Amino acid sequence: GGRHLRDSEEVEPPSVGLANTLARFGFPLGRLKTGTPPRLDGTTIDWDACAIQPSENPAVPFSHLRQFRGEQPPLVEANTLINCYKSCTNEETHKLVMDYAHMLPEYDGLDGKGNGPRYCPSIYKKVERFPDRTGHNSFLEPEGLNTNIVYPNGMSGPYPEEIQLKIMRTMVGLEKVEIVRPGYDVEYDFINPQCLTHCLETKTIGGLYLAGQICGTTGYEEAAAQGVIAGANAGRAAAAAANGETAAPFVLGRDE
């Protein structure tokens with residue numbers, strides 16, 4: 001079958017003990033999966049056949065401090081921006097995706113199908129859910145300034161490595177591509193966020209705060225924002241407790 005975290009010898013062992021401890025304290029646990037696409041060798045990509053996606057210049061800085069000062073991000077100022085490119089799946093891609101669906105791993109969640117967080121569907125899920133679509137965009141993202149490794153956004157699917165290569169080579173610009181590292185899926189426990197307060201403290205154990213994938217988020221900005229809320233409340237609670245006081249919760253509404 002395909003590549004699943006439990007089948008790989010090149011990854012860290014799962015934290016089963018932590019999940020068992022959370023279950024022992026009565027936390028409602030579920031299972032989610034997430035996937036990562038294969039990493040591609042950029043020297044084997046026909047970049048001229050792909051649609052260029054230039055970096056934003058001038059850019060809107062993520063940092064409010066830079067915005068207030070009218071500064072640009074360092075890579076913009078240093079003129080070292082690099083471009084992404086766009087390729088696209090097609091009907092041949094979709095046929096392979098469905099023809100080899102039986103080689104995908106069997107998961108614990110959703111009766112063996114695996115339950116992914118919202119907004120992060122695998123290429124199999126996209127083809128299955130939208131059978132009328134003849135193509136799905138894939139943005140080819142270089143992983144850094146000093147590497148040839150490329151991340152094909154939107155192409156996660158833990159098929160056997162030879163099938164992943166077949167699928168990738170159906171796409172424009174990737175006809176002769178080589179895979180550096182095959183993609184794989186990770187299945188993990190998460191806690192139902194209904195057992196948290198609005199400051200992300202667990203209702204079961206006081207002083208225990210949760211943020212990120214353990215709450216069932218998709219990660220990235222959402223998880224980072226949860227980390228800010230949980231961390232701020234944990235810090236305030238600890239500081240107040242040291243003085244024998246109780247901190248007021250720090251809670252942001254959806255309108256803030």
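Colleague: Why is Val16 called partly exposed?

Modeller: The relative accessible area of Val16 is 46%, and since buried means under 20%, exposed over 50% and partly exposed in between (1.4 Å probe, protein chains only), Val16 counts as partly exposed. This is a predicted model, in which local features need pLDDT of at least 70 and side-chain atom pairs count only at pLDDT 80 or more, while totals for chains, interfaces and linings use all residues. Residues are numbered from 1 along each chain as its sequence is written, and side-chain values use heavy atoms, with hydrogens and water left out.

Colleague: Where is Val16 found, and what separates its C-alpha atom from that of Asp189?

Modeller: Val16 belongs to helix α1, residues 16–24, where helices (H or I, at least four residues) and strands (E, at least two) are DSSP runs numbered from the N terminus. Although Val16 and Asp189 are 173 residues apart along the chain, their C-alpha atoms are separated by 9.2 Å.

Colleague: What makes Asp99 and Lys95 a salt bridge?

Modeller: Their side chains meet at 2.6 Å, N to O, and a salt bridge is a side-chain nitrogen of Lys or Arg within 4 Å of a carboxyl oxygen of Asp or Glu, so the pair qualifies. Both residues lie in helix α4, 4 residues apart, which is about one turn of the helix. Asp99, at 38% relative accessibility, is partly exposed, whereas Lys95, at 53%, is exposed.

Colleague: How do you know that Lys125 and Glu128 form a salt bridge, and why is Lys125 called buried?

Modeller: The closest N and O atoms of Lys125 and Glu128 are 3.8 Å apart, which falls under the cut-off for a salt bridge and therefore counts. Lys125 has a relative accessibility of 14% and so is buried, while Glu128, at 37%, is partly exposed. The two residues sit 3 residues apart in helix α5 (residues 123–129), about one helical turn.

Colleague: How many salt bridges does a search of the whole structure find, and how close are the N and O atoms of Arg169 and Glu178?

Modeller: The search finds 8 salt bridges. In the one between Arg169 and Glu178 the closest N and O atoms are 2.8 Å apart, with Arg169 partly exposed at 31% and Glu178 partly exposed at 37%.

Colleague: Which side chain of opposite charge is nearest to Glu201, and what does the side chain of Glu201 reach?

Modeller: Glu201, in the loop between β8 (184–191) and α7 (220–242), is buried yet has no salt bridge, for the nearest side chain of opposite charge is that of Lys203, 11 Å away; here Lys and Arg count as positive and Asp and Glu as negative, with His and the chain ends not counted. The side chain of Glu201 does reach the backbone nitrogen of Gly207 at 2.6 Å. Leaving aside neighbours within four places in sequence, Glu201 is in contact (heavy atoms within 4.5 Å) with Cys195, Leu196, Gly206, Gly207, Leu208 and Tyr209.

Colleague: Why do the buried residues of α6 count as lining one face of the helix?

Modeller: The buried residues of α6 (residues 161–168) are Ile163, Gln164, Ile167 and Met168. Seen down the axis, they fall within an arc of 135 degrees, so they line one face; the arc is that of the directions from the helix axis to the C-beta atoms. These residues pack against β2 (39–41), α4 (91–99), β6 (149–152) and β7 (179–181).

Colleague: What makes β4 and β5 a strand pair?

Modeller: Two strands pair if DSSP finds at least two bridges between them, and 4 bridges join β4 (residues 84–88) to β5 (residues 137–142), so these antiparallel strands meet the criterion. Lys86 has Phe139 as its bridge partner in β5, and Ser87 has Ser138. Strand β3 (residues 51–53) also pairs with β4, in the antiparallel sense over 3 bridges, with Ala51 opposite Lys86.

Colleague: Which residues make up the covered and uncovered faces of β4?

Modeller: Tyr85 and Ser87 form the covered face, and Cys84, Lys86 and Cys88 the uncovered one. In a regular strand the side chains alternate between the two faces of the sheet.

Colleague: How many bridges pair β5 with β6, and how many residues lie between them in the hairpin?

Modeller: β5 and β6 pair in the antiparallel sense over 3 bridges, with Pro142 opposite Val150 in β6, and their hairpin has 6 residues between the strands.

Key
Polar contact = N/O pair within 3.5 Å; in protein donor to acceptor, adjacent residues only side chain to side chain.
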